[in-house]
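User: I have a structure open and would like to talk it through. Can we start with the strands and then move to the side chains?

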Amino acid sequence: MATILTRGDGQKALLARFPNTYKIPVYQGRREFRYPDKICDLAKKNAREAELIDNGFGFTGVMGAIPFPIPKSAMEVLANHNFPYRAFTEENRARDIADVNSKGVITWGRQFNKSLSVVTSPDNLGKPMEGTMAYAMTGTLLPERDKGSMTTSVEPVNFAKGKRLAWNYDPGTRRVRQLPQYGYDTPLAGSGGKLTIDQDRLMNGAPDRYEWSLQGKREMYIPANAYKVHEKGSKYADLLKPGHPNPDMQRYELRRVWVLEGKLKDGYRHPFGKRVMFIDEDTWHAVAGDYYDTRGQLWQHAVINYYYAFDMNAWHAGTSFYHDLNSGSYVAYNLFQERDIGPILNKGDMNPDQFTPAALRSAGN
């Protein structure tokens, strides 16, 4: 596949819409990082042995490292995006979501969340890739009308053999009920209905509604080593400007990305008729994405500000921005710059019993 220097359609659209204020701040590339030796050894093992199964919904191999260090197909690249080495426990006691309209007026959402990654847990490194992928619990703190609502979910490794299960606690009735569906185009809590659950980390969950294809490699300016936007003491008022976030608080590098395209299959429902993800070849995380409506018109552009967390020798998803290119508004997701405590990574104080329906009922009461 050829490598060319280009901008994504979303970047071009933002530059055209905000020619006087939007810019892409480019810094010298810094590619020095390393994973733990154990993870590197597991990646080598997967490179030799891992194979896709069940039409690409699952794969053989071992837990801990990306399954396909030398990918040959779209589904292998998507598997790398879904199963990188990352924090095995994460807790956000409060993270903010800002819905910024075209004039800069903000509607606030706030959540707490915690997650347990089974596949990167130290006790599971090197075990066969099967069973449960991860557990998560999320609660709403803002807006006030939704305060107290909580959801817990369980994610399978292979969506051909299992599905995402989720339960919701309703503070009004103080009851827990299983959700018939959690994912896909379900609105993301706290986003005012402007984001879907499967847009977290640009794409997550079952890939079955889309036909996936590789569209080559590109050299592209993407967020990288994004420490500046996450500096403690940064103020939301300085970051969240009308039209787009403050470019002076962001950091881009020229990186090689793999372009992964998903087209909505006939007979399936989703507001996005096509989604394009730009996946950093160094980290295998999707760092930028373009979303098109069912008419084929470009609708949204999103970026995730990843940073290398030195204390755990892995990359972590920080603040992300989802731009509505029609209205000129955007959603800033996973903000923690003004919170007393940021993400708590790899503390290791979680277990599956903390994510059951009974645990959800106890937390709600």
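**Strands, rings and charges**

Analyst: Strand E10 (residues 210-223) and E11 run antiparallel and are joined by twelve bridges. Bear in mind that this is a predicted model.

User: Which residue stands opposite arginine 255 of E11?
Analyst: Methionine 220 does.

User: And how many bridges pair E11 with strand E12?
Analyst: Seven, again in the antiparallel sense, with E12 covering residues 274-280. Within that pairing, tryptophan 258 stands opposite isoleucine 279 of E12.

User: How many residues of E11 are buried?
Analyst: Ten of the 13 residues in E11 (residues 252-264) are buried, so the strand is largely enclosed by the rest of the structure.

User: What about helix H3, how many of its residues are buried?
Analyst: Nine of its nine residues, 74-82, are buried, and the helix is mostly covered.

User: Switching to rings. How many aromatic pairs are there?
Analyst: The search of the whole structure gives 17. One of them is phenylalanine 33 with tyrosine 35: the ring centres are 5.4 Å apart and the planes are at 75 degrees, so this pair is edge-to-face.

User: Is tyrosine 35 buried or exposed?
Analyst: Tyrosine 35 is buried, at 18% relative accessible area. Phenylalanine 33 has 25% relative accessibility and counts as partly exposed.

User: What sort of pair do tyrosine 210 and tryptophan 212 form?
Analyst: A tilted one, with 5.7 Å from centre to centre and 45 degrees between the planes. Tyrosine 210 and tryptophan 212 are both buried.

User: Which ring has the charged end of lysine 274 over it?
Analyst: The ring of tyrosine 292, with the charge 4.3 Å from its centre. Another case is lysine 114, which lies over the face of phenylalanine 355 at 5.4 Å from the ring centre.

User: Now charges against charges. How many salt bridges does the count come to?
Analyst: The count is 23. In one of these, the side chains of aspartate 248 and lysine 23 meet with N to O at 3.2 Å.

User: Where do aspartate 248 and lysine 23 lie?
Analyst: Aspartate 248 is in the loop between helix H4 (236-239) and E11, and lysine 23 is in the loop between helix H1 (9-17) and helix H2 (37-49), so the pair ties together parts 225 residues apart in sequence. Aspartate 248 is partly exposed, with a relative accessible area of 43%. Lysine 23 is also partly exposed, with a value of 43%.

User: What is the N to O distance between aspartate 96 and arginine 110?
Analyst: 2.5 Å, in a salt bridge between their side chains. Aspartate 96 belongs to strand E4 (residues 89-100) and arginine 110 to strand E5 (residues 106-117), so this pair ties together parts 14 residues apart in sequence. Aspartate 96 is buried at 1% relative accessible area, whereas arginine 110 is partly exposed at 26%.

User: Which residue forms a salt bridge with aspartate 99?
Analyst: Lysine 194, with the closest N and O atoms 3.0 Å apart. Lysine 194 sits in the loop between strand E9 (175-178) and E10, and aspartate 99 in strand E4, so the pair ties together parts 95 residues apart in sequence. Lysine 194 is partly exposed at 34% relative accessible area, while aspartate 99, at 14%, counts as buried.

User: Which residues are linked with Arg255 in a salt-bridge network?
Analyst: Arg31, Arg251, Glu253, Asp280 and Asp282.

User: Last one, valine 176. Where does it lie?
Analyst: Valine 176 lies in strand E9. With 18% relative accessibility, valine 176 counts as buried.

User: What is valine 176 in contact with, beyond its neighbours within four places in sequence?
Analyst: Trp167, Asn168, Tyr169, Pro357, Leu360 and Arg361. As for alanine 224, which is 48 residues from valine 176 along the chain, the two C-alpha atoms are separated by 40 Å.

Terms used
Residues numbered from 1 in each chain as written. Predicted model: local features only at pLDDT ≥ 70, side-chain atom pairs only at ≥ 80, totals over all residues. Heavy atoms only, no water. Buried < 20%, exposed > 50% of the residue type's maximum accessible area, 1.4 Å probe, protein only. Helix = DSSP H or I, 4+ residues; strand = E, 2+ residues; numbered from the N terminus. Pairing = 2+ DSSP bridges. Phe/Tyr/Trp six-rings, centres within 6.5 Å; stacked < 30°, edge-to-face > 60°. Lys NZ or Arg CZ within 6 Å of the ring centre and 35° of its normal. Salt bridge = Lys/Arg side-chain N within 4 Å of Asp/Glu carboxyl O. Contact = heavy atoms within 4.5 Å.
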